[in-house]
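Student: I would like to learn how to read the features of a structural model with some care. Could we take them one at a time, with the general idea before the case at hand?

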Amino acid sequence: TIESEVFRYHYPLIGIVVPQWLEFIYEQDREKVWRSIRNVLHGRQETHQIEYRVQDSRGNIHWVSDHANIVQRDASGKPIRMSGTHIDITDRKYADQQLRNSEQRLMLCQHYADIGTWELDLINHQQIMSPIGCKLLGISELSNSKWEDFLAVIHPDDLQIFIDATQAHIEYREKYDVEYR
């Protein structure tokens with residue numbers, strides 16, 4: 001079954017009772033998982049949807065994305081059956097962590113080297129700039145700054161040189177190397 005593959009236990013070892021299933025969940029995550037299930041059972045939320053860690057039979061930690069809904073109720077409306085899926089998201093969680101680590105290293109390098117970066121979203125005309133880049137240009141960090149906001153801080157004598165270099169880079173893939181005030 002899928003469950004046995006996600007939890008990495010042989011099927012005969014997995015019972016169908018909730019207390020045994022909870023034992024597979026990493027101890028620090030059990031309460032939040034059980035709280036989510038109780039919220040669905042008591043009608044406080046419609047879907048049980050949560051990510052948590054499980055420990056396999058060898059003691060290795062894996063991440064699971066768990067989605068479940070009530071699929072059957074008794075005559076009085078009381079939930080009697082939930083059904084859902086478990087998806088192993090371990091690789092995605094590790095990739096997310098590696099990305100965060102890489103971004104942190106980049107920010108540290110930029111900070112100590114006093115180097116700023118910027119990016120232009122050509123479709124939406126949005127300017128994305130690193131905090132160091134904003135500091136170097138003397139502008140505030142704006143979450144949705146426009147290209148025009150960026151151009152406004154460039155010295156008028158350097159503006160056309162900057163625009164020409166940017167266009168040449170975009171249109172002809174020329175090396176982008178321009179100094180401006």
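Student: How many aromatic pairs does a search of the whole structure find?

Tutor: Please keep in mind throughout that this is a predicted model. Planes over 60 degrees apart count as edge-to-face, and the search of the whole structure finds six aromatic pairs. In one of them, the ring centres of Phe150 and Phe162 are 5.4 Å apart and the planes meet at 65 degrees, so this pair is edge-to-face. The pair links distant parts of the chain, since Phe150 belongs to helix α6 (residues 147–151) and Phe162, twelve residues apart from it, to helix α7 (residues 156–172).

Student: Which ring does Phe162 pair with in the segment after α7?

Tutor: That partner is Tyr176, whose ring centre is 6.4 Å from that of Phe162, with the planes at 85 degrees, so this pair too is edge-to-face. Because Phe162 lies in helix α7 and Tyr176 in the segment after α7, the contact ties together parts that are 14 residues apart in sequence. Trp118, Phe150, Phe162, Tyr176 and Tyr180 form one aromatic cluster.

Student: Is Phe162 buried or exposed?

Tutor: The label rests on relative accessible area, with buried meaning under 20% and exposed meaning over 50%. Phe162 has a value of 0%, so it is buried, whereas Tyr176, at 26%, is partly exposed.

Student: Which side chains make polar contacts with the side chain of His86?

Tutor: A polar contact is a pair of N or O atoms within 3.5 Å. The side chain of His86 makes such a contact with that of Tyr52 at 3.5 Å, and another with the side chain of Asp66 at 3.4 Å. His86 itself lies in strand β3 (residues 79–88) and, with a relative accessibility of 16%, counts as buried.

Student: What span does helix α4 reach from its first C-alpha to its last?

Tutor: Helix α4 (residues 90–113), with 24 residues, reaches 35 Å, close to the 34 Å expected at 1.5 Å a residue. Just after α4, Asp114 takes a positive phi of about 55 degrees.

Technical notes: Residues numbered from 1 in each chain as written. Predicted model: local features only at pLDDT ≥ 70, side-chain atom pairs only at ≥ 80, totals over all residues. Heavy atoms only, no water. Helix = DSSP H or I, 4+ residues; strand = E, 2+ residues; numbered from the N terminus. Expected span 1.5 Å × (residues − 1). Buried < 20%, exposed > 50% of the residue type's maximum accessible area, 1.4 Å probe, protein only. Polar contact = N/O pair within 3.5 Å; in protein donor to acceptor, adjacent residues only side chain to side chain. Phe/Tyr/Trp six-rings, centres within 6.5 Å; stacked < 30°, edge-to-face > 60°.
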